[in-house]
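Hello,

Here is the structure we discussed, with sequence and coordinates. My notes on it follow below.

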Amino acid sequence: MIPSGISEIGIGLGIVLLSGASLYIIEAVFNMSSTLQNRSINLIPYTASSTDKQISLQQDTKTFPNANPILPSSNERTGIEFSYGFFLEVDETTFNGTDDLHNVFYKGYPANPWPLQAPGVYIRGNVNTMRILLNSYTQPFNYVDIENIPIGKWFHVVLNFQNLILEVHVNGKLAKTLPFTDMLPYLNYENITVFSNKVVTVNIPTVSTISFNGSMSGKISNLIYARYALSYGEIQKLFSQGPSTVTQATTKIDGPIYFADSWWANQ
């Protein structure tokens, strides 16, 4: 027979161990849930217009308590991964006939769109082409052009980076890729500026002279960021949700909302 004192001690130790194990499991579940929630963020969960003021999405929580910092990928199976998704409607007044770049958004120095672009999304001023820029450690001016974008109609874009390749998906379909062969993307911790009003011309050695000429004319909606590469199913789900009917300031959504769904057919 086990003495009652020893039995009580054993029971007490069992309770302590069980309580500790329970707390450990609860903490692990909480941390896992928090990590999953922080893997993606809706940066602009509404529809914003370029006729409203420039939008600055702050990243520094020490200076701006309401900032929404985006985090880099962590231990993803293909290495560095990230995604941006958004709906875009480009107005014909964007096109001024000159080969300059009109800003949709970029991540970099708020005071100057160059040299940090990680990424940068622009509309060219002389042709209905969307240009996506992404710095690397060896070459700051890496870009891919998506030609023949629709004008005056909503379309959905996903920038998906995985396996050292930037994929550009338009309306749920892979439109083009930008390989990063023997180089890594140069990411940064600066703000995300939407509809930048900066006008600056820069001379990029071995490339050309590039003019950043303020904002495009149009609307952006449901700008999201994920710290991993989105799956095909996730891209389709974002596309099917459509642009937000919630607006800010004086923004108006012309109805009915419709999409361009065949612009890529002849590419």
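Two strands are taken to pair if DSSP finds at least two bridges between them. In this predicted model, strand S3 (residues 82–90) and strand S14 (residues 218–226) pair in the antiparallel sense, over seven bridges. Within that pairing, Glu-89 stands opposite Lys-219 in S14.

The sheet: S3 and S14 belong to an open sheet of six strands, ordered S1-S14-S3-S8-S9-S10, with antiparallel pairing. At its edges are strand S1 (40–49) and strand S10 (173–179), each of which pairs on one side only. From one strand to the next, the twist averages 15°. Helix H2 (residues 232–241) lies across S3, S14, strand S8 (155–162) and strand S9 (165–170), and runs at about 160° to S8.

The aromatic residues: with ring centres required to lie within 6.5 Å, the count comes to 11 aromatic pairs. One of them is Phe-82 with Tyr-84, an edge-to-face pair at 6.1 Å centre to centre and 75° between the planes. The cut-off for buried is under 20% relative accessible area. Phe-82, at 4%, is therefore buried, and so is Tyr-84, at 2%. Both residues belong to one aromatic cluster, which also includes Phe-86, Phe-105, Phe-161, Phe-180 and Tyr-225.

Charges over rings: Arg-39 lies over the face of Tyr-228, at 4.0 Å from the ring centre. Arg-131 lies over the face of Tyr-143, at 3.9 Å from the ring centre.

Regards

Definitions and conventions:
Residues are numbered from 1 along each chain as its sequence is written. This is a predicted model: local features need pLDDT of at least 70, side-chain atom pairs count only at pLDDT 80 or more; totals for chains, interfaces and linings use all residues. Side-chain values use heavy atoms; hydrogens and water are left out. Helices (H or I, at least four residues) and strands (E, at least two) are DSSP runs, numbered from the N terminus. Axes are lines fitted to C-alpha atoms, for helices over the stretch in contact, and angles run from 0 to 180 degrees between N-to-C directions. Contact means heavy atoms within 4.5 Å. Rings of Phe, Tyr and Trp (its six-membered ring) pair if their centres lie within 6.5 Å; planes under 30 degrees apart count as stacked, over 60 as edge-to-face and the rest as tilted. Buried means under 20% relative accessible area, exposed over 50%, partly exposed in between (1.4 Å probe, protein chains only). A charge sits over a ring if NZ of Lys or CZ of Arg is within 6 Å of the ring centre and within 35 degrees of the ring normal.
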